[in-house]
Amino acid sequence: MLLLRPLPAPALRVKPTARRPPPRRRRPPRLRASASSVGSSEEDAFTRCSGYLFEAGVANAEGELPTAYDINGIAAVYRRRPLLVLRRSLQIGASFGRWFALRYLDSVNERADDMFEIRAAQLRRILLELGPAFVKIAQAVSSRPDVIPPAYLDQLSLLQDRIAPFSTEVAFNIIEKELAMPLDMIFSEISPEPVAAASLGQVYQARLCSNGKIVAVKVQRPGVQAAISLDIYILRFLAGVARKARKLNTDLQAVLDEWASSLFREMDYRAEARNGLKFRELYGKLRDVLVPEMYLEQTRRRVLIMEWVEGERLSEVRDQYLVEVGVYCSLSQLLDYGFYHADPHPGNLLRTVDGKLAYLDFGMMGEFRQELRDGFIEACLHLVNRDFDGLAKDFITLGLLPATAQKDEVTKALTGVFESAVNKGVQNISFGDLSGNLGQTMYKFKFQIPSYFSLVIRSLAVLEGIAISFNPNYKVLSSSYPWIARKVLTDSSPNLRSTLYTLLYKDGTFQIDRLESLLTESLRARTEQSLVRNQEDNYSSRFAIKQVLSFTLTEQGAFVKDLLLQEIAKGLDALGVATLSSVTSAAVSRFPFAPSPSPSLNNEEVTNLRNLYRLLLLLSKAPQKENSSSAPGYDSTREKGDDSTDDISLVLYEMRSLTEFLPVLSVIPELPPESQQQFLLLPADLTNRVLSRAVARTIRTMFI
């Protein structure tokens with residue numbers, strides 16, 4: 001795994017061969033880095049404590065192991081080596097047992113706080129000694145300062161960039177064996193020592209003979225597949241025992257299998273190179289995102305050659321703008337294409353020298369199916385809009401709940417878990433808020449955690465963890481929801497359109513508050529065009545109107561445009577009825593002994609008239625951050641059966657002057673020509689809709 005920051009690169013050199021002395025090479029420029037180099041003389045802690053895994057028997061076992069993850073194949077190999085399995089199990093048990101015993105003694109002696117940092121350092125050394133599988137697990141939790149105590153977080157973070165390297169001579173032999181040619185025929189220069197070391201391999205800086213470009217050469221640790229396979233075999237057995245003993249609903253073995261499958265794919269550098277090429281094709285053109293070039297033809301199963309990227313870890317540069325870029329890129333991965341980076345720990349996210357966000361290490365990737373993408377978006381919408389009944393159904397779609405779950409009881413439980421968090425507002429919700437008392441609810445209703453779900457959540461949780469380290473108030477959901485709101489308003493997916501319609505029409509009544517909320521949040525979305533460093537948020541009326549028109553007058557916004565025209569037509573029809581009735585009543589009232597006028601509007605028409613007022617306010621001044629119900633003369637406590645005179649006067653008040661709508665008209669020339677043409681078609685479309693309603697109402701009046 002490539003690390004987020006290389007160690008200082010020694011001078012590149014050509015590896016000497018027995019056939020001829022190496023020619024003199026020009027030294028390339030040194031890379032800028034602040035960390036100290038790790039020399040090959042430092043003994044690898046894993047080799048020192050677990051070197052027996054690489055003895056002759058295990059070396060032969062690696063040749064028998066499947067290259068792709070197959071637990072049955074792994075079990076078949078290690079069932080024939082019971083003594084090795086027993087020895088490794090005792091080592092794991094003794095290592096963690098001794099550590100837990102020391103923690104217990106610290107607690108008994110009331111010095112747990114004093115020994116906290118010491119025990120954290122001891123835990124890190126234990127993980128290093130046990131090897132790559134345990135290092136990878138630790139890396140999975142090392143980016144959450146809101147979950148992991150700081151002392152442990154500091155120690156676990158060292159696992160990402162301070163793994164002792166293995167022998168350079170062995171690494172060079174692996175390169176020559178994998179590429180089937182001498183080293184000096186591949187590289188004109190190569191560093192004599194690794195510039196970075198990781199749990200699965202280590203990295204050298206080199207210059208290709210073919211094109212003279214400086215590249216990173218990643219070489220896999222010898223015997224690492226055998227060591228990881230044995231640990232997975234043992235951990236999988238322990239996961240099954242733990243699930244039965246604790247009566248857990250989550251299939252721990254399935255979660256471990258998903259993680260192990262990704263880890264095995266990560267150990268095949270050819271698959272990683274193909275993933276990198278696909279990731280570069282999909283996301284490499286996003287603003288301020290850098291995806292390194294892969295040299296697939298020169299890559300083999302244990303050797304990867306890719307473009308050299310110089311930079312610093314994102315978690316150290318305190319750059320919230322790049323965190324926002326990462327959130328946007330992650331959402332694009334999860335919800336646009338469904339091909340996402342499943343291991344975005346700080347070691348794989350760099351801030352390049354030119355201020356871009358670089359992604360590294362494409363060994364662990366995930367696929368998010370379309371129905372799951374839609375379900376994820378729907379769950380976010382239902383959560384923010386407090387539709388806990390819809391959220392319960394989403395959990396079934398996402399595989400978190402069995403189809404036999406009692407939806408009414410689940411809805412009630414979810415309301416108790418999430419309501420207090422949601423009441424804080426979407427911009428203040430964190431993953432910690434959402435966890436709340438969810439653990440008890442998950443146990444009661446037999447929640448399951450699908451194997452894909454933990455990877456998806458982690459891809460966003462890591463970014464929140466990085467941001468929290470320098471901005472405790474950062475909430476990744478606050479950055480994510482505007483993007484989700486924009487997507488649900490513009491996406492052509494039938495499922496999302498159905499969700500939007502259901503969200504906006506509760507019991508057949510148009511929920512304009514929800515539309516206004518979606519529009520307001522969508523304008524906060526960091527789209528690729530608006531992702532400009534140091535750009536100030538612009539929520540001015542002119543900017544808002546332009547943004548609303550920009551997507552409603554395009555093909556993507558056609559569905560929302562149709563809903564808006566439909567509701568405006570309803571309101572204008574109701575306004576026409578009310579106005580005609582008011583004029584008629586005024587005329588009749590001039591005659592003596594005139595009867596008292598009957599109510600001119602029914603409840604539905606009163607609602608339509610109020611919605612018209614809100615829509616006009618929305619389009620002429622909005623989206624406003626404050627509730628539109630605070631507008632002059634509006635009384636939200638009125639019942640539907642109240643007299644409609646106030647409603648008519650409100651709309652007339654809003655339309656009293658043409659200047660109220662000048663902001664809408666003034667931005668039209670700034671729209672693209674296609675959008676301007678669509679805008680010119682709106683009056684005719686709206687007129688047809690109003691006439692259709694008037695004709696239908698007349699027919700109903702005459703014949704019903």
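Let's start with Leu401, which is buried, at a relative accessible area of 5%; buried here means under 20% relative accessible area, exposed over 50%, and partly exposed in between, with a 1.4 Å probe and protein chains only. Before I go on, a word on the ground rules: this is a predicted model, where local features need pLDDT of at least 70 and side-chain atom pairs count only at pLDDT 80 or more, while totals for chains, interfaces and linings use all residues. Residues are numbered from 1 along each chain as its sequence is written, and side-chain values use heavy atoms, leaving out hydrogens and water.

Back to Leu401, then. You will find Leu401 in the loop between helix 15 (388-397) and helix 16 (407-422). Helices (H or I, at least four residues) and strands (E, at least two) are DSSP runs, numbered from the N terminus. Which residues does Leu401 touch, not counting those up to four places away in sequence? They are Ala392, Phe395, Ile396, Val410, Phe445 and Phe447, where contact means heavy atoms within 4.5 Å.

On to the nonpolar cores. By that I mean sets of buried Ala, Val, Leu, Ile, Met, Phe, Trp, Tyr and Cys residues joined through side-chain atoms within 4.5 Å. The largest one has 154 residues, and the members touching the most others are Tyr78, Leu335, Leu414, Phe418, Leu489 and Leu518. Take Leu335: leaving aside residues up to four places away in sequence, Leu335 touches Phe368, Arg373, Phe376, Ile377, Trp483, Ile484 and Lys487. Another core, of 19 residues, lies apart from the largest one, and includes Leu208, Val215, Val217 and Val219.

Next, please have a look at helix 4. Its 27 residues (82-108) should span 39 Å at 1.5 Å a residue, and the end C-alpha atoms are 38 Å apart, which agrees; the expected span is 1.5 Å times one less than the number of residues. The buried residues of helix 4 are Leu84, Val85, Arg88, Gln91, Ile92, Ser95, Trp99 and Asp106. Just after the helix, Glu110 takes a positive phi of about 55 degrees.

How many salt bridges does the structure hold? There are 21, counting a side-chain nitrogen of Lys or Arg within 4 Å of a carboxyl oxygen of Asp or Glu. In one of them, Asp106 meets Arg119 at 2.6 Å, N to O. Arg119 sits in helix 5 (residues 116-130) and Asp106 in helix 4, so the pair ties together parts that are 13 residues apart in sequence. Asp106 is buried at 0% relative accessibility, and Arg119 is buried too, at 5%.

Another salt bridge joins Asp268 and Arg270 at 3.1 Å, N to O. Here Asp268 is buried at 16%, whereas Arg270 is partly exposed at 35%.

Then there is Arg689 with Asp685, at 3.0 Å, N to O. These two are four residues apart in helix 28 (residues 673-703), so about one helical turn separates them.

Finally, confidence. pLDDT is the predictor's confidence in each residue, from 0 to 100, and the chain averages 76, with 73% of the residues scoring at least 70. Where pLDDT is low, the predicted coordinates should not be read in detail.
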